[in-house]
Amino acid sequence: MSTSTTAVSFKQYGGTAADNYERYFVPTIGLPFATALLNAAGLQPGERILDIACGTGVVTRLAAERVGPSGTVAGVDINPAMLAVARSVPSSGAAIEWHEATAESLPLADGSFDVVLSSLGLQFVPDKASALREMRRVLAPDGHLAVATVGPTPPPFAILEQALARYVKPEAAAFMRVVFSLHEPEELEGLVSGAGFRDVEVRSTALTLTFPGPEEFLWQYVHSTPLAAAVAQIDDAGRAALQGDVVIGLRSFVKDGTLDIDANVVLTTAST
Ligand SMILES: C[S@@+](CC[C@H](N)C(=O)[O-])C[C@H]1O[C@@H](n2cnc3c(N)ncnc32)[C@H](O)[C@@H]1O
């Protein structure tokens with residue numbers, strides 16, 4: 001693999017991380033997790049739904065379809081660029097309100113939702129106890145919580161983490177560890193019960209995530225996440241080395257021309 005090929009490969013995914021997130025991350029990773037979460041949540045027509053750390057809105061839009069036009073849906077995210085993409089994607093069913101806010105301090109009334117959802121977001125929230133207390137505050141009596149997280153780290157992501165540590169910087173590898181940091185049942189149970197929820201259940205389900213190939217996986221993932229800024233700071237030779245390590249490391253996960261990664265979705269459900 002020549003250095004110039006790698007440079008083209010890196011640059012062809014230019015564009016904002018939020019646009020790339022919707023284009024690459026959502027179909028390959030976000031959607032399978034969102035579907036597992038929505039299936040666990042069992043939403044009913046007419047319900048009032050809140051999606052925390054909604055990103056570009058994959059869960060929010062699926063929830064709007066499921067509760068239909070008689071329901072109401074709101075999405076909250078800290079990142080205005082993700083919300084701008086969320087607002088631009090068409091949806092059907094319930095009307096959706098988007099709010100720029102932190103999960104730890106929701107600009108929403110007490111008891112105003114039937115179900116709070118969150119997919120692939122809680123692990124990034126610095127003060128998880130406050131965020132879960134806020135989720136409980138905005139839920140009505142008899143309200144429900146359903147949260148999806150991911151982990152432990154699948155071997156292909158461990159290979160990516162090691163290559164990032166080697167060729168980019170320790171903070172890039174640390175980001176990967178945060179992604180897969182919130183999956184231990186005891187920790188999730190303690191956090192959710194500690195916020196005052198009842199009937200807390202944590203269960204894991206296996207998912208297979210499918211990517212076009214190792215090179216596409218690397219650059220699509222990098223360009224859809226905060227890793228893009230860190231990888232932009234190294235030179236073409238460093239990016240070639242990063243790609244070389246990842247492509248070689250992931251070779252054994254390629255089957256019939258696609259890269260298949262087995263991951264665990266961790267579903268935490270509870271009631272108020
Ligand atoms: C991996 S994305 C998940 C987005 C979406 N739930 C999905 O499944 O595609 C993580 C999201 O968490 C948001 N986030 C991180 N910390 C947050 C916080 N403290 N409050 C609200 N949102 C936060 C980020 O801005 C990002 O959009």
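A polar contact here is a pair of N or O atoms within 3.5 Å; within protein, one must be able to donate a hydrogen and the other to accept it, and residues adjacent in sequence count only if both atoms are side-chain atoms. The model is predicted, so local features need pLDDT of at least 70 and side-chain atom pairs count only at pLDDT 80 or more, while totals for chains, interfaces and linings use all residues. Residues are numbered from 1 along each chain as its sequence is written, and side-chain values use heavy atoms, with hydrogens and water left out.

Start with the ligand. Select Glu104: an N or O atom of its side chain lies 3.2 Å from a ligand nitrogen. Next, select Asp77, where a side-chain N or O atom is 2.6 Å from a ligand oxygen. At Ile78, a backbone N or O atom is 3.4 Å from a nitrogen of the ligand. The protein covers 90% of the 590 Å² of accessible area that the ligand has on its own (Shrake-Rupley method, 1.4 Å probe).

The shell has 18 residues, and the closest are Tyr21, Ala53, Asp77, Ala103 and Ser119.

Finally, move to the salt bridges (a side-chain nitrogen of Lys or Arg within 4 Å of a carboxyl oxygen of Asp or Glu). The structure holds 8 of them. Select Asp110 and Arg137, which form one with the closest N and O atoms 2.6 Å apart. This pair links distant parts of the chain, 27 residues apart: Asp110 is in the loop between strand 3 (95–100) and strand 4 (113–119), and Arg137 is in helix 5 (residues 128–138). Helices (H or I, at least four residues) and strands (E, at least two) are DSSP runs, numbered from the N terminus.

Key: Near = heavy atom within 4 Å.
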